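Here are a few exercises to work through with the model open beside you. Try each one yourself before reading the solution.

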Amino acid sequence: MPTPLPIRDRPVRLGVVGLGQIAELAVPPYLGRPDVDVVALCDRDPGRRDHWARRVSGARPCASLDEVVEQRPDVVDVLVPTPVHHEVVCRLLDAGVHVQVQKPLARDLAGADAMLAAAARSGATLRVLEDYLYFPPLVRMKQLIDQGEIGTPVNLSMKIVGNGRGGWDLTQESLEWQFDQIRDGRGMLVFDHGWHQLAVATWLFGPIERVFGWLGTTEVAPGYEMDAPSTLVWEHRTGVRGVLDIGFAVDMYLRSSHYTGDERVEVTGSCGYVRTNRISAQGIAEPALVLYRDGETRSFHDLDDRPPDAFRASADAGIGFLTGRLDRVDLTGEDARHVLVALLTALESNEAGRPLPVPSS
């Protein structure tokens, strides 16, 4: 049986499976919290286990899921590559452990549905970690929209420019994983990064009803291609239409301490617009958020606007749910399944050459 929620009389016992680069953003927000004990750190690579064992005192370095379960965690953050999410998540859910899995939920519907079935079977909670829903400028943007500051929303415009310089020095393993995703036909920028944007779009305006994808390629090194330029166009059931424009600039430099990518999100309403100028990198030296209405512009300079800020807020929300401060998780398995279906439908529409309806769950 899973740990009864909420957990009120002791710290939450947390495990982490997968200690690659994303762990540098996902794990630190838990450290030093009096309401969290990190009890297990799992990875197949002994070097990674040793690295994190030195940083997290009291946590058991583990080489297998069985060792993780033996530490009796209440919840486990799953940070392994997406293609193996379902194997790891189902094993943990069946062991009665609550799971927070890094986005995307899965690479295919079979994997997603296996995880949802395991959660239903065990009664454990399945939460999908989507840090963009906690990025302070985007959170403030949603508040302004909900407050009617731009009137009735009309459309949503999103932009990603991938780049070849700046940010983290990615390991060879990480690079190979990215290119493997491109080779399987789902893409890296469209599927893995585009997941963020469609999750945000659904968060803002509800389910997507139909979508069209137009995908291209750019050679970034001999024998290696990125899935850009690409464009996704969609319509929400509310009538709001959205577009995501993806490009790749091989020689562009962007300032960032983590992942790079020049990203913008703009929502136009009946009497104004609101725009987030950056998410992953510090590309544009302008306020993180700008609101225009009635001939006047308001700039928001006091918002935390770097990736760690979003990961901290996401971790706090997860612990808040587990301890009863919040009454629901922000992105359930069912919510994430809709985002996955919309992405897969966009890929199918590229092959069909026309917009396609997004199947209902």
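Buried means under 20% relative accessible area, exposed means over 50%, and partly exposed is what falls in between (1.4 Å probe, protein chains only). The model is predicted, so local features need pLDDT of at least 70 and side-chain atom pairs count only at pLDDT 80 or more, while totals for chains, interfaces and linings use all residues. Residues are numbered from 1 along each chain as its sequence is written, and side-chain values use heavy atoms, with hydrogens and water left out.

**Exercise 1. Find the aromatic pair and say how its rings are arranged.**

Start with the rule: rings of Phe, Tyr and Trp (its six-membered ring) pair if their centres lie within 6.5 Å; planes under 30 degrees apart are stacked, over 60 edge-to-face, and the rest tilted. Applying it gives one aromatic pair. The ring centres of tyrosine 273 and tyrosine 292 are 5.4 Å apart with planes at 20°, so this pair is stacked.

Helices (H or I, at least four residues) and strands (E, at least two) are DSSP runs numbered from the N terminus. Tyrosine 273 belongs to strand β14 (residues 272-276) and tyrosine 292 to strand β15 (residues 289-293), so the pair ties together parts 19 residues apart in sequence.

Tyrosine 273 is partly exposed at a relative accessible area of 25%, and tyrosine 292 is partly exposed at 30%.

**Exercise 2. Which strands pair with β14, and in what sense?**

Two strands pair if DSSP finds at least two bridges between them. On one side, strand β13 (residues 262-269) pairs with β14 in the antiparallel sense over five bridges, and threonine 268 has tyrosine 273 as its bridge partner. β13 and β14 make a hairpin with two residues between them.

Then turn to β15: five bridges join β14 to this strand, and the two run antiparallel. Here glycine 272 is bridged to arginine 293.

Now for burial: four of the five residues of β14 are buried, so the strand is largely enclosed by the rest of the structure.

**Exercise 3. Describe the span, bend and burial of α8.**

The expected span of a helix is 1.5 Å times one less than its number of residues. Helix α8 (residues 188-205) has 18 residues and reaches 24 Å from its first C-alpha to its last, close to the 26 Å expected.

For the bend, take the angle between axes fitted to the seven residues ending at a residue and the seven starting there. At glycine 194, α8 bends by about 50°.

Count the buried residues too: 17 of the 18 in α8, so the helix is largely enclosed by the rest of the structure. Glycine 206 follows α8 with a positive phi, near 85°.
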